[in-house]
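Hello,

Here is the structure I promised to pass on to you. Have a look at it first, and then read on for what turned up.

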Amino acid sequence: MKPLNWAFLARNFRCAALLLLNLYLILCCTLAQAQAEPSVIKIKRAEFTISDSPTIPPASADWHLIDLPHHVPKPTDRELVHYWYKADFDIDNLSEPLWILFPQLLSGGDVYVNGALVGEKPWANEHQEIRWYLPELWLIPPLSLHEGSNEIEVRLAIREPFTSFGEIDIGPEKAQRNAFNLLLFWEDTTADISTALCLLTGAFIMVFWARRPQEKLYGLFGVCVIFWGLRTLLLRTPVIPIDFFLMWRLAYYFTTAGFIVLISIFMLKFSERSNLIYNRVLITYWMTGCAAFLIFGMPIRHFLEAFWLTGFLPLNLYAVFCILSYAARQRTRNAVSMGLAILFALGLSVHDLAVQEAWIDWPEIYLMHLGIPAFLLVMVGILLDRFLGTLAQVESVNEQLELRVATREKELKYSYEQLGKLERSHAATEERHRIMQDMHDGVGSQLLSTLMMAQHTELPQKTIVALLQECLDDMRLVIDSLTPDDKDLLPVLGNFRYRMEARFRALGLNFFWKNHAMPEALELEPDVGLNVLRILQEALANILKHARANNILVEISFSAESFQIRVEDDGVGINEENRAKGRGVNNMQNRCKKIGATLTIQRLQQGTEVILNIPLQAIDPASSYSFTI
Amino acid sequence: MVTTVAIIEDNIEFLSRFRHVIESSPDFSFIGSAENGADGIALINNVKADAYLVDLGLPDINGIELIKLAVNIHPDCDVMVITMFADDAHVIQSIEAGATGYILKDSTSLDILECIRTLRDGGSPISPLIARRILQRIQPVIPNATVQRASASEMTGNANVAISNELLSEREYQVLQALSKGLSFKEIGSKYYISSHTVARHVKKIYRVLAVHSRGEAVYEATKLGILSA
């Protein structure tokens with residue numbers, strides 16, 4: 001339960017209080033109004049006698065004059081006591097039909113006017129117990145009435161510990177029927193509604209509890225409500241067969257006391273003062289009472305009602321006190337509403353006690369059952385509050401979740417970016433490493449060997465130029481093969497060709513370059529491409545150095561599986577001696593091994609042929625290779 | 001008719017070599033040189049040459065600026081950039097600035113003279129890697145240019161195709177493609193039944209287009225940034 005600000009609470013509290021007060025006032029006013037009809041004769045005095053005579057006992061019988069409503073303990077000498085009640089009323093004119101209204105015909109009975117039977121309702125006998133407790137309205141046959149004094153006679157029997165007989169109203173139909181409808185509604189309909197409501201809501205709460213066993217507070221309340229519903233149902237059973245009377249009464253005690261016990265435990269739990277000892281005492285007290293009734297039966301009925309039930313009062317009052325102090329302390333909407341509901345129920349029970357004990361001049365209508373709907377309302381409110389709270393929480397959780405997902409996404413994106421950066425930087429490092437290695441193995445070592453040679457021997461200028469040219473050429477190859485963004489070797493090969501053509505042309509040699517089945521692109525890893533170019537360059541350098549050729553042909557044949565470079569010259573041709581000691585040829589072979597290519601060098605009739613075969617799949621299985629020419 | 005040549009180069013060895021090559025040929029005349037950017041600006045302003053040879057790595061000013069200046073002041077001159085490795089990044093930059101040729105520092109004297117002659121004759125040199133780079137500049141995102149081009153008529157909505165269509169003629173585009181695959185001028189010429197001389201002219205035209213296009217892009221960028229009013 002969420003604490004709310006006081007201004008809101010105060011307003012809420014006032015609203016709730018006003019609502020309950022209004023309800024109570026309306027109730028009282030309507031009931032009072034039912035009595036304030038001027039044309040209705042209200043019979044306030046009557047006479048009664050104890051007699052099981054089938055006809056009205058004579059005036060000489062033991063008639064006692066009493067005030068209505070009559071409510072005294074029943075004589076205890078026998079279980080079933082038969083009564084005759086009679087009352088007089090005066091009529092001035094008979095122009096209008098008169099109706100007789102019993103606001104509450106508590107124990108049933110046969111009703112006569114001047115000896116004529118007007119209406120009959122069941123009354124207690126050897127086979128059944130009657131708890132009629134309903135208003136009754138009958139037309140008095142006009143012929144049975146006469147001007148002046150008339151007499152009403154009622155015959156009934158009582159088994160209940162108290163002898164109760166309500167008031168009698170005589171009057172015209174309209175006023176009487178209005179009063180009757182009103183009474184019927186309050187005495188009967190509201191009780192039925194409240195019973196139905198209790199049982200339905202109780203069942204609903206029990207289902208809820210079954211689904212969520214940890215919600216003990218609700219479960220407890222559900223049982224309370226069901227107990228109350230059953231109690232009301234039992235209490236309002238008008239005809240009880242005497243065979244079941246004991247069981248009925250037991251059930252009544254069980255449910256009534258059970259309700260008191262459970263609601264007290266509930267109230268303690270609600271006010272966060274749950275106490276195991278208190279609970280055990282209450283339950284034991286409850287069970288002991290029920291067991292005692294089961295053992296001793298009707299004889300201890302009066303004792304149970306007078307002392308046992310009253311015994312619950314201090315315990316119950318303690319729980320009420322707890323909940324009221326809790327409401328005062330917490331001042332949350334739910335706690336305050338619960339406190340008010342308790343107060344309302346207390347008010348009703350005080351009312352019930354007051355009418356039962358005839359402290360006030362109100363009809364004997366019991367309103368305690370109306371307290372339960374107030375409780376229900378509060379509990380539904382609390383449940384609703386929790387439901388809405390949970391809903392809001394779920395929504396906020398969802399929002400938070402979305403937020404977190406978004407944050408996580410952002411983080412993920414960031415880490416991906418970081419990863420990408422790292423990969424790029426890793427690739428750059430690798431590339432740098434490769435270039436360094438290349439510098440070391442290629443240009444670097446070439447420069448170094450040139451330097452050594454220049455240091456140790458007197459080299460002719462031509463040789464130095466050639467050596468340096470080699471260094472430069474190698475550097476160009478490195479730059480060409482590393483520059484492109486894509487892995488296509490064709491432009492790199494083209495660049496090489498472009499340069500070599502110029503070189504050979506400048507030397508006055510014929511340089512031919514032929515492409516066969518040239519694809520749209522030739523994708524190779526840059527280092528593989530570089531090695532291919534180096535082998536090719538070495539081959540061409542060898543021609544320049546040793547072959548003394550006039551025509552040089554470079555042929556490149558492409559296929560899906562490989563590509564082949566064939567270099568042919570018309571020079572003096574390679575001799576075996578050269579091949580064996582030549583560092584250049586060894587270098588070429590080594591590079592071939594590195595990239596999985598094959599190299600064949602053979603002497604032709606005139607000149608030399610170098611064939612380099614580079615399998616594409618072995619180098620890069622993923623390389624795409626497509627023919628368009 | 002004698003072709004006048006001015007050289008801006010901070011390396012005295014190279015400068016003297018280039019000067020020697022120019023002076024050794026009767027149809028060329030050396031008319032001035034500068035060894036840094038500031039002198040280069042003065043040279044361009046004061047001396048009108050048919051061809052300027054410009055080194056990019058000057059100590060004070062980026063050679064690109066000198067290329068722009070020369071093209072601006074003498075629209076009918078040819079600017080050649082002197083480069084160590086003819087690496088495409090530098091060459092492309094120079095072409096976009098307005099250079100129509102490039103010359104390697106270790107070129108033979110024959111090559112140097114041949115290159116300038118070709119230039120004055122309306123042609124330009126190009127290496128496959130530079131051709132490839134220009135293609136990428138024109139169509140930066142499309143890997144298979146031929147396929148793209150074949151379906152260009154249907155895909156009129158494609159901005160890149162639209163630009164390349166606008167920039168280059170069909171023939172220029174074909175030439176560029178063939179160049180990027182490593183075919184020689186001669187091979188391209190025989191493939192399309194044109195002389196290798198015409199191929200060289202196509203290349204020069206492509207260079208001019210690239211320079212104009214990059215200036216247009218610069219104007220567009222500047223307009224977008226609010227430097228120039230539209």
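Let me start with a helix pair in chain A: α9(A) passes α10(A) in a right-handed crossing, where right-handed means that the near helix is turned clockwise from the far one by less than a right angle, and left-handed that it is turned anticlockwise. The contact is made by A:R476, A:D480 and A:S481 on the α9(A) side, and by A:V492, A:N495, A:F496 and A:R499 on the α10(A) side; two residues are in contact if their C-beta atoms, placed from the backbone, lie within 7 Å. By class, this contact has 2 nonpolar, 2 polar and 3 charged residues. Here Ala, Val, Leu, Ile, Met, Phe, Trp, Tyr, Cys and Pro count as nonpolar, Asp, Glu, Lys and Arg as charged, and the others, Gly among them, as polar.

Before going further, please note that this is a predicted model, in which local features need pLDDT of at least 70, side-chain atom pairs count only at pLDDT 80 or more, and totals for chains, interfaces and linings use all residues. Residues are numbered from 1 along each chain as its sequence is written, while chains are lettered from A and ligands numbered from 1 in the order in which they are written. Helices (H or I, at least four residues) and strands (E, at least two) are DSSP runs, numbered from the N terminus.

Back to the pair: the axes of α9 (residues 461-482) and α10 (residues 490-506) of chain A come within 9 Å and cross at roughly 150°. The axes are lines fitted to C-alpha atoms, for helices over the stretch in contact, with angles from 0 to 180 degrees between N-to-C directions. α9(A) and α10(A) are therefore roughly antiparallel to each other, a term for angles over 145 degrees.

A second pair in chain A is α4 (residues 245-270) and α5 (residues 276-296), with axes that come within 10 Å and cross at roughly 175°. α4(A) and α5(A) are therefore roughly antiparallel as well. Among the residues in contact are A:F254 and A:V261 of α4(A) and A:W286 and A:F293 of α5(A). The residues of this contact divide into 14 nonpolar, 4 polar and no charged.

Now for the strands. In chain A, 6 strands form an open sheet in the order β3-β2-β5-β11-β7-β8, with antiparallel pairing; strands pair if DSSP finds at least two bridges between them. β3 (64-67) and β8 (116-121) of chain A stand at the edges with a single partner strand each, so one side of each is left without a neighbour in the sheet. The twist averages 25° from one strand to the next. β7 (residues 109-113) of chain A pairs with β8(A) over 5 bridges, and A:V113 has A:A116 as its bridge partner in β8(A).

β13 (residues 168-172) of chain A has 4 of its 5 residues buried (20 or more other C-beta atoms within 10 Å of the residue's own, with C-beta atoms placed from the backbone). β13(A) is joined in the antiparallel sense to β1 (residues 41-43) of chain A by 3 bridges and to β6 (residues 98-105) of chain A by 4 bridges.

Finally, chain B has 11 helices and 5 strands, and buried residues make up 41% of its 230 residues. Its contact with chain A takes 16 residues from chain B and 20 residues from chain A. On the chain B side, α6(B) gives the most, with 3 residues.

Best wishes

Definitions and conventions:
Parallel < 35°, antiparallel > 145°, perpendicular 65-115°, else oblique. Buried ≥ 20, exposed ≤ 12 C-beta atoms within 10 Å, placed from the backbone.
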